[in-house]
Amino acid sequence: MHILTAEERSYYLDKYPIDDFFSFEIDPFLEICKFDKGEWIFQEGSFPNTLYYMIEGKAKLYMTHKNGKVSLIDYLEAPLFMGEIELLNEARYTKGIQAVTETICFSIKQSCKEKLLTDVLFLRKLCVFLGEKAFKMTSKYTQNQAFPLENRLAAFIQFSSDQGVYKEKHTEICEYLGVSYRHLLYVLAQFCEEKILEKKKDGYHIINGERLSELAQEIL
């Protein structure tokens with residue numbers, strides 16, 4: 001994690017203004033951070049001392065079960081808060097969040113926690129975010145039942161690809177989409193036959209983004 005320079009800070013504050021989230025002056029409590037691809041934003045079980053607001057990038061949310069199995073819970077995409085539950089909950093036990101691409105975040109220090117928790121403007125913004133987050137999770141589970149894998153995988157590839165290349169772990173994605181390993185490979189092979197994807201050493205390259213969008217659009 002890198003703290004950005006004053007010049008970079010000014011650039012991102014101009015591009016993504018955040019002052020209207022708060023009724024108090026947030027600038028003294030604010031830093032702007034960059035996480036490299038693959039870097040952990042939160043380690044699972046850690047005790048975060050900051051609230052992040054992702055303004056650019058994507059990340060994965062993981063959870064470890066009692067039997068030791070690690071599950072991919074969700075894909076996160078800017079803009080969104082991270083660490084908001086830990087801010088509200090005194091237990092402050094977090095799940096693991098790992099950057100999928102280079103990710104830029106506003107970092108809000110916990111030293112202004114009391115101000116945040118009594119700021120009606122901020123709390124209203126946070127409530128709207130949490131409602132949208134709950135709706136997204138509900139939609140994901142209903143889509144798993146209502147749509148074939150071709151549509152769900154197309155939407156997932158669109159979302160998770162980085163610079164036109166999809167290279168997620170098959171085992172993680174099978175669990176995330178609720179399908180068998182064999183079924184996932186079959187649909188990926190089908191996409192390759194239809195010239196939507198091309199399999200290379202570094203992953204699956206999107207060669208027909210228009211057709212991929214058509215398939216993904218069915219569930220949007």
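Me: Let's start with strand β5 (residues 58–64): how many of its seven residues are buried?
Reply: Five of the seven are buried, so to speak "mostly covered"; buried means under 20% relative accessible area, exposed over 50%, and partly exposed in between (1.4 Å probe, protein chains only). Strands here are DSSP runs of E with at least two residues, helices are runs of H or I with at least four, and both are numbered from the N terminus. One note on the source: this is a predicted model, where local features need pLDDT of at least 70, side-chain atom pairs count only at pLDDT 80 or more, and totals for chains, interfaces and linings use all residues. Also, residues are numbered from 1 along each chain as its sequence is written, and side-chain values use heavy atoms, leaving out hydrogens and water.

Me: Thanks! Which way do β5 and strand β6 run, and how many bridges join them?
Reply: They run antiparallel, joined by seven bridges. Two strands pair if DSSP finds at least two bridges between them. β6 covers residues 70–77, and its V70 stands opposite T64.

Me: What do β5 and β6 form?
Reply: A hairpin, with five residues between the strands. In the turn, G68 has a positive phi of about 95 degrees.

Me: And how many bridges join β5 to β8?
Reply: Four, and that pair is antiparallel. A59 stands opposite A99 in β8.

Me: New topic, helices. At what angle do α6 and α7 pack?
Reply: Helix α6 (residues 170–177) and helix α7 (residues 181–193) pack at about 105 degrees, with axes 9 Å apart. The axes are lines fitted to C-alpha atoms over the stretch in contact, and angles run from 0 to 180 degrees between N-to-C directions. That makes the two helices roughly perpendicular; the label covers 65 to 115 degrees, while under 35 is roughly parallel, over 145 roughly antiparallel and the rest oblique.

Me: Which residues of α6 make the contact?
Reply: H170, T171, I173 and C174, meeting Y181, L184, L185 and L188 of α7. Contact means heavy atoms within 4.5 Å.
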